[in-house]
Amino acid sequence: MTDSAHGRQPLLHEELVVLHAPTQVWSSPTGDVGGMPIHGVFHADARVIDELRVEVGGEVPEPIGASSTASEARFVAVARNVDDRTPDPRVRVERRRVVGAGTVVEHVAIVNALDDAVDTTVTYVVGLDASDLQSVKSGVPTGVEPTIVERSGAVVATHASRSLELDASGADVAVLGRRVALTWPVHVPAHGRAEVALRLRVSDDGQVVAPYGGDAVLRRVPATGDARIDRWADLALADLDALVMTRPGYGDEPFLAAGAPWFLTLFGRDTLIAARLLLPVDAGLALGTLRTLARLQGAAVDPGSAEQPGKILHEIRDGVFTMPGEGIALPPVYYGTVDATPLWVVLLGRALAAGAVGLADVRELRSTLEGALAWMRDFGDPTGTGFLHYRDELGTGLANQGWKDSGDSIRFHDGSIAEGPIALAEVQAQAYEAAIVGAELLDALDGDGAGDAWRVWAADMAVRFRDRFWVERDGRRFLAIALDGAGRPVDSRTSNMGQCIGTGILSADEEALLAAQLVADDLASRWGLRTMATDEGGFWPLSYHCGSVWPHDTGVVVEGMLRAGLRAEAAALSARLLDAAEAFSWRMPELFSGDDLPSPIAYPASCRPQAWSAAAVVAVAQALGS
């Protein structure tokens, strides 16, 4: 956002995150929290701390190095104010941050190489906050002050159903407004060390997501023999482990939060796609995802939440999620998605084929399966054109309800924005595959022929799709990104057509034709598949959905190419994405610029880690591994 009256969304690309869902800490690379709009300790949909910095002897130590993993970071600094006057730093400050689900533990050690003891102080300055996540995202934090109570060696801050405890045993406590100073006197022996610890515990009885406490849900990616792939896989799987969550009262069923910082909750589409990409290493994630979403499947027609019988939800939040300046206000349980329902069916079928679920699990989920298929037939096509459509009936929901859900993402070749209701190309392909998969699942439950009606439905969809979505321009045939409200093909070349590969709706020749275009330089950047070709009127490399590169998008297309037997094209895209992963130090962002420069350019507001971006490594490993 650029309207100063509404603030600006915080940039993220230079900041450090350490997390264990639903808790995350955003700081500078030096470890201090404060000074940047995104900085803070967050839990679920709230920020509980907006400042967390260390002083030694009354001064902030000077940073010299840092390292981090998904849930832990180490920061090294020097404290020259308590050192001697020789050139070599002899007093180091080593800070270690460990984030757990609902906990943050900070250890500060002073290491002394001097021949004399050092007597000094360590002070933590903590800013207590109660801003909701959406206000931080808008750039105008609510700045709500929690209720603060001081106890012996501890401070407790509460707001609504949320409670934060600062455990600082041995420290002197000073509270000034919502700022707290916790000071320890420290004696560091000559050639010795001394350490203090600050422990933060946060809980929220009103949160809609909770820490997962069960067994590991993912196996490691088998070694490929390529050190770069293996490095990316190790770090991506660690990030994914840190994103696993559950829903209170749902029996500890695991699913992946979509990503940090704004989407640390359950998202139907994101969670389903990530779980599908991860099927080769699945150890319980797919089943937990399917079961959780099944329990939240739509049961009634509710225009206020876009709920419909059989529909799989888009997202859940602690409360209404608003986006100031964008006119968006989403209810706590929101169903505004056109693709999550067929994607649920596809995941169930592919998970059965991969051995991640059994036939007994399919039988348990039968009513959800039948409801999802019925939604495609009875509600997914409100216009009666034979294609799954969407339109925001609320006026305050998402204007676009496929994975490219920004308001300007569906554009014609001349750059003009299509008007709804919109029928997306890849959604028709997903619906086709869901119908075929659903038929096979019903056959498995009831015997051959039980799913024949859905095979007929899918065959009819394929005929309509081939007739309406193929377009030709400048002698080149390709799939339109969508049909607009008037039934016209939206004739820009985009990555959406790549997500149709491997679904079964295309012939082998058609898949090969599209694959050749997807690896050409106008769609494939040096670093991955662009969301839109460079010769389109709406292209801009820093556009959220019209020219950027989304790692998960490339991963889904690679996955489809492998299913279609297009290994050379899959390897070509995978090699580019692997280069990008290395450039981003193996933690793939949500998206990045679609430039062709010597190094990939950050999309500065890109979230990370992002579940489906991390999950893309599995498809890349399959495409490039020996």
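Pockets and a sheet

Mentor: This is a predicted model: local features need pLDDT of at least 70, side-chain atom pairs need pLDDT 80 or more, and totals for chains, interfaces and linings use all residues. Numbering runs from 1 along each chain as its sequence is written, and side-chain values use heavy atoms, without hydrogens and water.

Trainee: What volume does the largest pocket have?

Mentor: A pocket is an open set of points on a 1 Å grid over the protein atoms alone, where a 1.4 Å probe fits, with protein on both sides within 12 Å along at least five of seven lines; lining residues have an atom within 4 Å of a point. Points join across faces, edges and corners, and volume is the space filled by probe spheres set on them. For the largest pocket that gives about 940 Å³.

Trainee: Which residues are closest to the centre of the largest pocket?

Mentor: Its lining has 35 residues. The closest to the centre are Q9, K137, E326, Y544 and Y603.

Trainee: Which elements each supply at least two residues to the lining of the second largest pocket?

Mentor: That pocket has a volume of about 600 Å³. Helices (H or I, at least four residues) and strands (E, at least two) are DSSP runs, numbered from the N terminus. The elements are β1 (16–20), β5 (62–68) and α2 (227–242).
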